[in-house]
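Please look over the structure below before reading on.

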Amino acid sequence: MKYKEKIFKNNIKYHEVTDEKFKTNLCDIYFTRKINEVKTSDIAIASDYISSCTEKYNSISALNSKLNMLYGANLYSSISKRGDVFLMNIGISFIDEKFIPEKSQKNEELNILFDSITKPFLVDGEFDKNIFELKKKDLLDDIKADINDKRRYLFLKSSKYIYKDEPASLPLYGNEEDAKAVNPKSAYEIFCDFINNSEINIFYSGVNDKNSEVIEELAKNLPESKKIDGYISPSGLKSELLTKKETIHTNQSKFLLSYKINGIDRYTMSLLAIILGGTPTSKLFLNVREKQSLCYYCACSYVYSKSTLIIDCGVEKENIEKAKKAIEEQVDEIINGNISDTEMFSAMQSIVNSAKAIGDTVRSYNSWISSCEFNNEIITPEEMLEKYQAVTKEQISKVANDLVPDTFYVLESE
Amino acid sequence: MAELKLIENKYTGDKTYYYKLDVGTDVLIAEMPGFSSSIAYFGTRYGSVNNKFKTISDDDFIEVPEGIAHYLEHKLFENEDCGAFERYAKTGASANAYTSFDRTCYYYKCTDNFYDSLEILLDFVQKPYFTDETVAKEQGIIGQEIKMTNDDPEWRVFFDLLRNIFYKSPVKIDIAGTVESIAKINKELLYKCYNSFYNPGNMVLACAGNIDHEKVISYAEKYIRNEKDNKVISEFPVEPKEIVRKRSESIMEVGIPIFNIGFKCDIDEKTRARYEVIADIAFQLLTDKSFELYKDLAEKDLINSNFSYEFFSGHGYFVPLISGESIDPDAVNEAVIAEIKKIQDTGVDENLFEEIKRCAIGSLIKDSNIVDSVASKLILAGLDKRDPYYESNYLYELKAEDINKFLREKIDCEKSSLSIVKNKRNGDLA
């Protein structure tokens, strides 16, 4: 494996990992900006639009056809939040030419990727109306379909309260009214403004470095990258637990319990989350599920970028309070220092497993490096493991003691 | 003495070692040097459809409650001394299991201590331990799992489709059963099912990653118990060729209505593998964004980007299906049927076929580079007693005429059904 980092002339940071065992290549271009400066519905539709057609392949079927012929090259877009930052990612994954003997033209996939951003399909200076309307419909349908996955719905609804009055509380895609108001002209103008005022990073993982120069050349057509901050924005503490309840027509109730802490302690908090509810030997799994049979899942995760601990659970309606109490008891166990050697070892092994698996796929390399970049800490997985290994049980108990109950959001079945 | 075979994918150069133990267990291993992870699956040919069976020592067939295969999977992780997860916690492996219609698989993934974890896997799966107390405890947990899946509209629309299509086949039964059916499960029944289906001759070990095939085989030889083949057979009701109903609707909390359009196909078991590859290409073509059907429906606002396909098949069932979201699923259904009938007359476009074939080949190449995908494909091929590279073997040789023949001879639009899940607020569609 070889890693290389370079800053292009337009201040774009380029990260490259190559590994001969791969058969595919992956190139991700991230544009990031502070959430409250972004019209998210416009960007959601624009990003979907530009990954569906280009100036050269000026219809969905034309681009799709081309990608099919490139052995299923996959051009995609995604939007996400991290801390108080909004991220738009346009990427492409494709089979390396080593495995396609009859490939006629070099670098077609990378050209398509960069063209999607710099040469979108326009009609009279704006997005094509027909394709635009299809993408707008996709977004409106996605917003309506938020309720389909109940667990995901719980996270979406509760975010508004967990990060109350913070940029992170804003819905990722905007709401239905915002989405309906977007038009081909506004979306294109907002898209141009967005990419011209974003921080831009390129992450490439692949078989070898033969594509480096091509990427550097193509990247010249991208705007100048601006530096932004806000990737790590601890969420404000509340003075008391905020409780919200919503009724939903389901068989099973669900709830989410969040905690916050002053400051950031990434490694200690991550270990706390795993010991509490990150594995089948965690406290929540063994006690709330196995011993008390209250649930099928009761999981815990740590949102590092917002310094927020989240526990979620699916239970029978009449057991909501019982399950909440059972969870709180397990948090108390940790505060009281009741962390066994086995629990500590198991949590560490879970991290070791994940860390050592980085590099088994091009996707895992890009995820790792991009995460490092946005955390402003480029380290190897081995260096990360050392930091985890330095954490003690006492430190974990201490941060557990500093946890402040934040939000209790319930989706109660009708 | 069994012979070790090396099976090579003549198109991609990938290799799999195959070895059959004297006790009958099939062992498949793909060495992937340079990767950090390794995965092992230990699976049995037993799933939710096997609810009526007998072994060589039974006088008659016995029928068991729905959901028992899944219940058994949950309980197998517990042991008299130490649960499987506690043991894996010491080796660092991340473990899980799943039950499907015709198989149950136990697996783990790790970056260290692969062989210690392999010993755990082979041990706990072969050491059932059920008591009245532990069986009773699981009722609440699986009850919540059932309720969770019952709240999933995608699950509901799919099982509604199965109930539209199948009269008697147990494939229409929910894999986890119902809260009522699992209440009938006791330790005696669990032992009966275990002893019938978890026989070495009915099981497969499949491993992929940074491993050595000889060492894996030596562990299999050492830890897989010596047990005579009990010749378990399942009885399945005779399923009529017709479908039950052409359409169904269910009400749930969803955004816009979701739908499945499924086709009941009559496929001989001997040719099922080949038809799976053909059906995959045929339905990928039908739902592709380059194809007229997608363009036409999208322009009419009848579908969105979630318009897709899948198929599922097993011994005695073969159902390709098209899925999506629409404000008017009936109109989509009508258009899909019309298009299939048209292609049955005219045949598929050769250029589009070539595109889809290339795309599928690309997917195979990508998957062959991912440890999880390689291991998953190995266990599935092993349980179905197929060449591990059957997909490549059929795909690379596929012609447009194969698709045309499949659509003409195996897809009968009279045996299709539409299932819809919608929100009560959707009310009258259109």
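The points below cover the contact between two chains and then one residue of chain B. The model is predicted.

**Extent of the interface**
- On the two sides of the interface, 59 residues of chain B are in contact with 56 residues of chain A.
- About 5,000 Å² of area is buried between chain B and chain A, and carbon and sulfur atoms give 53% of this.

**Polar links across the interface**
- Four salt bridges are counted between chain B and chain A.
- A salt bridge joins B:K137 to A:E290, with the closest N and O atoms 3.0 Å apart.
- Polar contact is found for 35 residue pairs across the interface of chain B and chain A, both residues being at pLDDT 80 or more.

**The chain B side**
- At least two residues each come from α2 (84–91), β8 (104–110), α4 (132–150), α10 (292–299) and α12 (350–367) of chain B, on the side that touches chain A.
- Helix α4(B) gives the largest share of that side, nine residues.
- By class, the side of chain B that touches chain A has 21 charged, 19 polar and 19 nonpolar residues.

**Residue B:Y223**
- Helix α8 of chain B, residues 213–223, contains B:Y223.
- B:Y223 has a relative accessibility of 23%, so it counts as partly exposed, since that class lies between under 20% for buried and over 50% for exposed.
- Apart from neighbours within four places in sequence, B:Y223 is in contact with B:E119, B:L122 and B:Q126.
- B:Y223 and B:K264 are 41 residues apart along the chain, and their C-alpha atoms are separated by 42 Å.

Conventions. Residues numbered from 1 in each chain as written. Chains lettered and ligands numbered in written order. Predicted model: local features only at pLDDT ≥ 70, side-chain atom pairs only at ≥ 80, totals over all residues. Heavy atoms only, no water. Contact = heavy atoms within 4.5 Å. Buried area = accessible area lost by both parts, 1.4 Å probe. Salt bridge = Lys/Arg side-chain N within 4 Å of Asp/Glu carboxyl O. Polar contact = N/O pair within 3.5 Å; in protein donor to acceptor, adjacent residues only side chain to side chain. Helix = DSSP H or I, 4+ residues; strand = E, 2+ residues; numbered from the N terminus. Nonpolar A, V, L, I, M, F, W, Y, C, P; charged D, E, K, R; others polar. Buried < 20%, exposed > 50% of the residue type's maximum accessible area, 1.4 Å probe, protein only.
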